[in-house]
Amino acid sequence: MQHPAPQPFHTSDRVKATFLTGEDPRLVVSFTGIGKPETRAQDEEFVGYGTQGGRNHVLFVADTLRSWYNDPGIFDEIVAVVERYRAAHGIAETVTFGNSMGGHGAVLFAKALGATCCFSISAQYSADPAVVPEETRWQEYRDKIASFTTPPLADAITPECLYFILHGGGDLERPHWSRFPKGPNIHHYLVAKAGHAVGRRLKSGKLMGVATRYAIAGRPRAFREALQEPLDLHRPV
């Protein structure tokens, strides 16, 4: 299905935001990952899944420095961009989405944006080697981060938001999923044998639509029941 092309909303030397308007006063803020190594631009993610057939507004937000939102002042800049969009479109409800670095962003910004729900896939708990010393991937980008200004994700989580968090099980992602806190509003599951490619597993299994639908609706039981068998979901221990 062909979707409209997102339109420019904000561009600076470190943040790019594009948007699709919707019919309802709900905004999905979709944080992009680092993108493909061979391309400079980061593609918008969750385009069709976020809009839900044109019902929702979607604001696609990219940290173009790939700093995991650590560049000084970038956090406040992104919050201001989202607030400006919400004011312009009469938004009453906000949801955050993201995969990998974008999944980190979805959790990191949920509290500041007053999100009702957050859907995070394969999120890094932190990019800071002092916090997650076992992590050695994405070094090309992490070496360029001069200072780590954002907290580990446990410090960003709020009881006011429902979190739907998926990680690949096993040792590759363990440094991240094992550090996430537990709580009644945190619906955190591991996907068997997925590694970092949970998003790919969702798409190949034609499960991304149902996952995003139940996350947006804030329906944790339906989310779990739809994904448990095809993805062999299990709770972190």
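1. The buried residues of α2 are Ile 74, Glu 77, Ile 78, Val 79, Val 81, Val 82, Tyr 85 and Arg 86. Buried means under 20% relative accessible area, exposed over 50%, and partly exposed in between, with a 1.4 Å probe and protein chains only. These buried residues pack against strands β1 (7-11), β2 (15-20), β3 (26-31), β4 (57-63) and β5 (93-99), and against helix α3 (101-110). Contact means heavy atoms within 4.5 Å. Helices (H or I, at least four residues) and strands (E, at least two) are DSSP runs, numbered from the N terminus.

2. Basis. This is a predicted model: local features need pLDDT of at least 70, side-chain atom pairs count only at pLDDT 80 or more, and totals for chains, interfaces and linings use all residues. Residues are numbered from 1 along each chain as its sequence is written, and side-chain values use heavy atoms, with hydrogens and water left out.

3. Helix α2, span and end. α2 covers residues 74-89, 16 residues in total. From first C-alpha to last it reaches 23 Å, close to the 22 Å expected at 1.5 Å a residue. The expected span is 1.5 Å times one less than the number of residues. Gly 90 follows the helix, with a positive phi near 60 degrees.

4. Aromatic pairs. The structure holds twelve. Rings of Phe, Tyr and Trp (its six-membered ring) pair if their centres lie within 6.5 Å; planes under 30 degrees apart count as stacked, over 60 as edge-to-face and the rest as tilted. Trp 68 and Trp 138 make a tilted pair, 6.3 Å centre to centre with 55 degrees between the planes. This pair links distant parts of the chain, 70 residues apart. Trp 68 is in the loop between β4 and α2, and Trp 138 in the loop between β6 (117-121) and α4 (139-142). Trp 68 is buried at 1% relative accessible area. Trp 138 counts as buried too, at 18%.

5. Phe 97 and Phe 119 have ring centres 5.7 Å apart and planes at 80 degrees, so the pair is edge-to-face. Phe 97 lies in β5 and Phe 119 in β6, so the pair ties together parts that are 22 residues apart in sequence. Both Phe 97 and Phe 119 are buried. Elsewhere, Phe 31, Tyr 69, Phe 75 and Phe 109 form one aromatic cluster.

6. Two residues other than glycine deserve a look here. Ser 122 has phi near 50 degrees. Ser 122 lies in the loop between β6 and α4 and is buried, at 0% relative accessibility. Trp 138 has a positive phi of about 60 degrees and is found in the loop between β6 and α4.

7. His 196. This residue is found in the loop between β8 (186-191) and α6. Its relative accessible area is 22%, so His 196 is partly exposed. What does His 196 contact, leaving aside its neighbours within four places in sequence? The contacts are Ser 100, Ser 122, Gln 124, Arg 137, Trp 138, Leu 172 and Glu 173. The C-alpha atoms of His 196 and Tyr 214 are separated by 22 Å, with the two residues 18 apart along the chain.

8. Helix α7. Seven of the ten residues in α7 (208-217) are buried, and the helix is mostly covered. They are Met 208, Val 210, Ala 211, Thr 212, Tyr 214, Ala 215 and Ile 216. The charged end of Arg 213 sits over the ring of Tyr 214, 5.2 Å from its centre. That call needs NZ of Lys or CZ of Arg within 6 Å of the ring centre and within 35 degrees of the ring normal. Gly 218 follows α7, with a positive phi near 65 degrees.

9. Arg 26. This residue lies in strand β3. Arg 26 counts as buried, at 16% relative accessibility. Beyond neighbours within four places in sequence, Arg 26 contacts Gln 52, Arg 55, Asn 56, His 57, Ile 91, Glu 93, Val 95 and Ile 216.

10. Largest pocket. A pocket is an open set of points on a 1 Å grid over the protein atoms alone, with protein on both sides within 12 Å along at least five of seven lines; a cavity is a set where a 1.4 Å probe fits but cannot get out; lining residues have an atom within 4 Å of a point. Grid points are joined across faces, edges and corners, and a volume is the space filled by probe spheres set on the points. The largest pocket has a volume of about 670 Å³. Its lining has 23 residues, of which Gly 35, Glu 45, Asn 99, Arg 200 and Lys 203 lie nearest its centre. Helix α6 (198-204) gives the largest share of that lining, four residues.

11. Largest cavity. The count is one cavity of 30 Å³ or more. The largest cavity has a volume of about 40 Å³. Its lining is Lys 16, Ala 17, Thr 18, Thr 32, Gln 42, Glu 44, Phe 60, Val 61 and Ala 62. β2 and β4 each supply at least two of the lining residues.
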